Amino acid sequence: TPAARAQAAAAPPAAPVPAAATPIVKPLPPEWFDPFGTNAEMRWAAAHELGYEVPAERFFVRNHTATPAIDAAGWRLRVFGSGLRRRPGQPEVAEFSLADLKRLPARTQTAFVECAGNGRSFYASQQGTPASGTQWRLGAVGVARWRGVPLAEVLERAGLKRGAVDVLPQGLDANVVSGGVDQGRVRRPLPIGKALDDALIAYEMNGQPLPPDHGFPARLIVPGWIGIASIKWLGQIEVADAPLFSPWNTTSYRLVGGDYPADSPPITNQVVKSAFELPFGAEFRRGRPALLHGRAWSGSGAPIRAVEFSDDGGRRWWRTLLHGRNQPNAWVRWSVPWLPRSAGAVELRARALDWRGNAQSATAPFNTNGYLFGAVVRHPVTVV
């Protein structure tokens, strides 16, 4: 859009950052991941062996281009814009090195990161309405323990004005070119209220420095919101006293098509989901008891209240057992005993409800880009 192009032109120039030799740096063993070009989906079939937090080597990857190779010693986070106050003699751009960030008060936040398109493939396979984009099942999500500096702390140190409206974080990965149009680097505005609430500039993941594929040396974590808000390889933040725009909140990451109006607002929070820790097409023995496992999560900021299970097309539902940690903006593990009684094809289903009353429904309203699939997923298995 003209506003987005003008906004990109107004940003101070940043030095180009070399990309890694491959779009994703870390190994992608087929027993852990299903690759999709620049992206890699976590395989739920192997998730039962994981703890509450997903190790970095097992965490899904969502790249718009390729993982950049960044030198932490020379890296700087630049903060600028009309939403900052400037006293005489102060520079127009506040800069923070990684060492500067680590000297500021730190916070640890356990939270999921989830692509807005997680579950997109089910618009086609379950509802007969294919949506464009990476055909994720449910593996474009992961929970980790993030440590870093509250975004509010950095904004205050940079001189936040009372009248600031929007914050525009931008990554250091290569420019995104789509349909022959250069959209610039990945960036998406964040309202000042959310920025000051719980957004975190993270430099650690599960107690270790961020790996390259997950945002080294620093990234944003926006709990509960779609993954595009949690900008990786953070390089600059514009703070403005007027609304800001980019392709990622004007032409992408909005609900359009289907019954949605053209002026639907940009997507923010994720929806409620649940997943089986089980291969699609898994085999079970008739008459042999099995213990099924899974996880459920919600972007509402509330923990999960209940997860229910069905093996008869949703006619009857049984309550599962929730166990272990059940944190808001993360997930809870669940299990349920199951006795397969008849041989043949069976569709298992799980549906979650959070403590704010958000629940999974039988279908998800269609949108052209396949965002926010929150319907109950039909998980096929075979009883022999």
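I took two strands as paired if DSSP finds at least two bridges between them. Strands are DSSP runs of E with at least two residues, and helices are runs of H or I with at least four residues, numbered from the N terminus. The model is predicted: local features need pLDDT of at least 70, side-chain atom pairs count only at pLDDT 80 or more, and totals for chains, interfaces and linings use all residues. Residues are numbered from 1 along each chain as its sequence is written, and side-chain values use heavy atoms, without hydrogens and water.

Entry 1, the sheet. I found strand 18 (residues 304–310) paired with strand 19 in the antiparallel sense over two bridges. Within strand 19, Trp318 is the bridge partner of Phe309. The open sheet has five strands in the order 16-23-22-18-19, with mixed pairing. Strand 16 (282–284) and strand 19 (318–319) each have a single partner strand, so one side of each is left without a neighbour in the sheet.

I located Asp166 in strand 7 (residues 166–171). Is Asp166 buried or exposed? Asp166 is buried (under 20% relative accessible area, 1.4 Å probe, protein chains only). I noted no salt bridge for Asp166 (a side-chain nitrogen of Lys or Arg within 4 Å of a carboxyl oxygen of Asp or Glu). The nearest side chain of opposite charge, Arg188, is 10 Å away. A polar atom of the Asp166 side chain lies 3.0 Å from the backbone nitrogen of Leu244.

Key
Buried means under 20% relative accessible area, exposed over 50%, partly exposed in between (1.4 Å probe, protein chains only). Lys and Arg count as positive and Asp and Glu as negative; His and the chain ends are not counted. A polar contact is a pair of N or O atoms within 3.5 Å; within protein, one must be able to donate a hydrogen and the other to accept it, and residues adjacent in sequence count only if both atoms are side-chain atoms.
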